[in-house]
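The turns below set the values against them.

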Amino acid sequence: MPTVYSFDGILVFGLVFICTCAYLKKVPRINSWLLSEKKGVWGVFYKAAVIGTRLHISVAASCLLMAFYLAFLK
């Protein structure tokens, strides 16, 4: 049984969070509602969306490597 706070789980959560925020940035209603704040707690969503859009090649490669690791090595 895997542990709840494993390093793999934290990486998967971070990658999924970044990818989700980058996708939601393309939806106009959600972009103005969720990603309008740039500071504070809600600013985390904005910062994740910026990371996902600016580093999309690195994030995609990280997702592929994590999927390979989870499917074949773990």
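**Labels and their cut-offs**

Phe68 and Phe72 lie four residues apart in helix α4, so about one helical turn separates them. The model is predicted, and local features need pLDDT of at least 70, side-chain atom pairs count only at pLDDT 80 or more, while totals for chains, interfaces and linings use all residues. Residues are numbered from 1 along each chain as its sequence is written, and side-chain values use heavy atoms, with hydrogens and water left out.

Q: Why is the aromatic pair of Phe68 and Phe72 called tilted?
A: Rings of Phe, Tyr and Trp (its six-membered ring) pair if their centres lie within 6.5 Å; planes under 30 degrees apart are stacked, over 60 edge-to-face, and the rest tilted. Here the centres are 5.2 Å apart and the planes 50 degrees, so the pair is tilted.

Q: What makes Phe72 exposed and Phe68 partly exposed?
A: Buried means under 20% relative accessible area, exposed over 50%, and partly exposed in between (1.4 Å probe, protein chains only). Phe72 has 63%, and is therefore exposed; Phe68 has 45%, and is therefore partly exposed.

Q: How do you know that Lys74 and Asp8 meet in a salt bridge?
A: The term requires a side-chain nitrogen of Lys or Arg within 4 Å of a carboxyl oxygen of Asp or Glu. The N to O distance is 3.1 Å, so the pair counts. Lys74 is in the segment after α4 and Asp8 in helix α1, 66 residues apart.

Q: Why is Asp8 called buried?
A: Its relative accessible area is 15%, so Asp8 falls in the buried class. Lys74, at 54%, counts as exposed.

Technical notes:
Helices (H or I, at least four residues) and strands (E, at least two) are DSSP runs, numbered from the N terminus.
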